[in-house]
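Keep the sequence and the 3D view open as you read.

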Amino acid sequence: MHKVIYDTDPGVDDAMALLFLHRHPEIDLLGITTVFGNASVETTTRNALFLKREWNIPAPVSKGASVTIDSSRAERPWPAMVHGENGLGDIDVPETIDLPLDPRPAHRFIIDTVRAHPGEVRLVAVGRMTNLALALKEDPEIATLAKDVVIMGGNFYVPGNVSPVAEANIHGDPEAADIVMTAPWKVAVIGLDVTAITTMSRSYLGDMAAMGDKAVKQLDALSQSYIDFYKHAVEDGMMVHDSCACVYVVVPELFSSISGAVRVVCGGIADGQTIVRPDGRRFPPDGAWDGLPSQIVCTGIESERVLDLIRNTLLAA
């Protein structure tokens with residue numbers, strides 16, 4: 001069993017990934033930690049509690065960061081045009097959910113859970129990396145105690161989606177992402193190089209909903225405006241960014257990758273750009289790169305098999 005903490009900002013594609021984690025038989029979902037990003041942290045936390053209630057997910061929810069780790073960064077508008085005003089495609093979601101939150105802030109929940117299961121916990125982070133960076137800042141030793149970190153974010157050999165060079169999750173808190181990428185733990189980065197070519201059509205999702213239970217039908221409903229948003233890039237479908245990271249947890253062989261040190265540009269016109277220095281390449285000595293851990297950067301994916309695994313898992317209720 002893979003012991004997983006899901007760090008998320010629900011979010012339409014976050015919701016699909018959450019249902020995948022909940023239903024996959026090899027995943028033990030230890031907790032859901034929320035972060036700002038697709039909406040405010042108040043909204044993303046409410047959405048996590050809503051999905052927990054609707055889908056009977058036993059894992060606790062812990063509320064996380066509401067601002068970037070560098071508090072001087074100006075907040076950008078929430079991407080309501082992507083995920084809706086309420087973060088879940090503007091389906092009907094109550095203002096409040098009558099479920100308790102874990103009393104600990106998300107970064108403390110991460111620290112305590114990793115320490116309770118040394119060498120076992122896999123951190124699956126599909127939003128801004130602020131909670132993970134805060135956990136490292138408070139307790140650097142967790143980098144040696146977590147099994148690994150799987151990130152949905154970044155782009156290396158393809159354009160970004162919020163600037164020519166930056167992907168949204170990394171761009172939203174570049175300083176936090178750089179802290180996470182350069183910490184001495186194992187990180188696998190599942191970015192736009194693979195997620196942007198893994199698209200689920202409206203009809204594919206509709207067929208899943210027709211065969212599935214209430215949760216899959218709900219997922220179909222909340223995804224409709226998200227699919228509408230993607231009409232500029234996908235023919236009547238959507239990119240399943242966050243679910244790709246969750247699939248990597250259980251079937252990494254569906255991905256090809258390179259390895260190397262990863263840095264994130266913080267500031268300027270390349271703010272949020274992710275850069276890999278591939279292992280095996282010779283470069284002059286450079287203090288910004290030397291001595292950093294080698295991370296995994298996914299560059300290829302078997303998209304059809306990934307989509308089939310998502311479908312089969314969501315329908316296995």
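Two strands are said to pair if DSSP finds at least two bridges between them. With that in mind, look at the sheet in this predicted model. It is an open sheet of nine strands with mixed pairing, and its order is S3-S2-S1-S4-S5-S6-S11-S9-S10. Its edge strands are S3 (61-62) and S10 (274-278), each of which pairs on one side only.

For a look at one pair, find strand S5 (residues 148-152) and strand S6 (residues 187-190). They pair in the parallel sense over four bridges. Here Val-150 of the pair stands opposite Ala-188 in S6.

Which helices lie across these strands? Helix H1 and helix H4 both do, as the table shows.

| Helix | Lies across | Angle |
|---|---|---|
| H1 (residues 12-23) | S1 (2-8) and S2 (27-34) | about 165 degrees to S1 |
| H4 (residues 106-116) | S1, S2, S3 and S4 (121-125) | about 155 degrees to S2 |

Next comes the largest pocket, which holds about 700 Å³ of space. It is lined by 35 residues, and the closest to its centre are Pro-79, Val-82, Asn-161, Val-162 and Ala-168. The elements that give two or more residues to this lining are H1, H3 (80-83), H7 (168-172), H11 (214-229) and H12 (241-250). Which helix gives the most? That is H7, with four residues. What kinds of residue make up the lining of the largest pocket? There are 18 nonpolar, ten polar and seven charged residues.

Now for the backbone. Most residues other than glycine have a negative phi, and most peptide bonds are trans. Against that background, two places deserve a look. A cis peptide bond joins Pro-10 and Gly-11, with omega at about -10 degrees. Gly-11 lies in the loop between S1 and H1. The other place is Asn-56, a residue other than glycine whose phi is positive, near 55 degrees. Asn-56 is found in the loop between helix H2 (41-54) and S3.

Finally, what does the record say? An unreviewed UniProt entry carries the annotation "domain: Inosine/uridine-preferring nucleoside hydrolase", which covers residues 4-307. In the model, this span is 37% helix and 19% strand, and its end C-alpha atoms lie 21 Å apart.

How values were computed:
Residues are numbered from 1 along each chain as its sequence is written. This is a predicted model: local features need pLDDT of at least 70, side-chain atom pairs count only at pLDDT 80 or more; totals for chains, interfaces and linings use all residues. Side-chain values use heavy atoms; hydrogens and water are left out. Contact means heavy atoms within 4.5 Å. Axes are lines fitted to C-alpha atoms, for helices over the stretch in contact, and angles run from 0 to 180 degrees between N-to-C directions. On a 1 Å grid over the protein atoms alone, a cavity is a set of points where a 1.4 Å probe fits but cannot get out, and a pocket is an open set with protein on both sides within 12 Å along at least five of seven lines; lining residues have an atom within 4 Å of a point. Grid points are joined across faces, edges and corners, and a volume is the space filled by probe spheres set on the points. Ala, Val, Leu, Ile, Met, Phe, Trp, Tyr, Cys and Pro count as nonpolar, Asp, Glu, Lys and Arg as charged, and the others, Gly among them, as polar. UniProt positions are given in the numbering used here, feature names are shortened, and annotations may be inferred rather than shown by experiment.
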